[in-house]
Amino acid sequence: LFFTIVVARVGTPDLSTVIIADVVEGGPAAQAGLMKNDILRQADDTIIDSTETLQGVVSAAEGTQIDIEYEREGSVNTTSMTPEYFEEYERFMIGISMTNPYYPVPIYQAVPTAFQLSYEQATMIFKLPGMLSRGEIAREDARLLGPVSMGRLFLDAREKDIEAQEALAEAPAEQVSTELPAVNTVWLMGVLSIALAVGNLLPF
């Protein structure tokens with residue numbers, strides 16, 4: 001239900017188009033001139049068709065210079081930057097957060113998309129123990145949360161909703177849906193619902 005609300009109200013994301021949601025002040029991307037709402041097109045010789053693709057190029061560079069092709073207000077430009085190693089995240093980064101443009105979809109498309117999202121979330125929950133044991137997820141990111149931590153999650157989701165609405169409001173009209181509800185908050189509620197449903201299926 002929660003995922004259906006998100007998809008029906010916000011639309012479905014174009015995961016192949018990557019937009020800068022925010023730029024860390026003083027980071028490699030900021031120093032290279034990248035700005036919020038720039039559309040990232042290519043990193044070196046790799047077409048940026050997902051956020052994971054760019055993250056892979058940045059990680060593979062291991063602190064060597066990379067060239068980024070981006071689009072801003074219809075104009076295509078290229079800039080260069082050197083990823084920095086962030087101790088907090090234990091990986092190389094260029095200092096940006098990314099998002100995808102959302103496009104409106106009719107309700108008959110929202111329902112099957114929501115079911116697919118629910119399936120993917122449930123599958124991820126079942127995979128978590130294995131990913132944790134293989135070190136693919138940091139232990140602090142997989143810790144159990146109490147009421148206080150859950151409350152902080154909702155506050156963080158609400159803050160991201162406000163930031164996202166401000167960012168998308170400045171983006172070209174054809175890239176966003178006409179309504180921008182509390183997508184992160186509703187999404188969090190959907191993820192928690194799936195987690196509770198999966199938890200009830202496990203033998204304890």
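Three salt bridges are counted in this predicted model, a salt bridge being a side-chain nitrogen of Lys or Arg within 4 Å of a carboxyl oxygen of Asp or Glu. Residues are numbered from 1 along each chain as its sequence is written. Because the model is predicted, local features need pLDDT of at least 70 and side-chain atom pairs count only at pLDDT 80 or more, while totals for chains, interfaces and linings use all residues, and side-chain values use heavy atoms, with hydrogens and water left out.

Select aspartate 38 and arginine 72, whose side chains form a salt bridge with N to O at 2.8 Å. Aspartate 38 sits in the loop between helix H2 (28-31) and strand E3 (39-43) and arginine 72 in strand E5 (residues 66-72), so this pair ties together parts 34 residues apart in sequence; helices (H or I, at least four residues) and strands (E, at least two) are DSSP runs, numbered from the N terminus. Aspartate 38 counts as buried at 1% relative accessibility, whereas arginine 72 is partly exposed at 25%, where buried means under 20% relative accessible area, exposed over 50%, and partly exposed in between (1.4 Å probe, protein chains only).

Next, select arginine 41, which is partly exposed with a relative accessible area of 34%, together with glutamate 69, since their side chains meet in a salt bridge of 3.0 Å, N to O. Arginine 41 lies in strand E3 and glutamate 69 in strand E5, so the pair ties together parts 28 residues apart in sequence.

Through shared partners, salt bridges join Arg41, Glu69 and Glu71 into one network.
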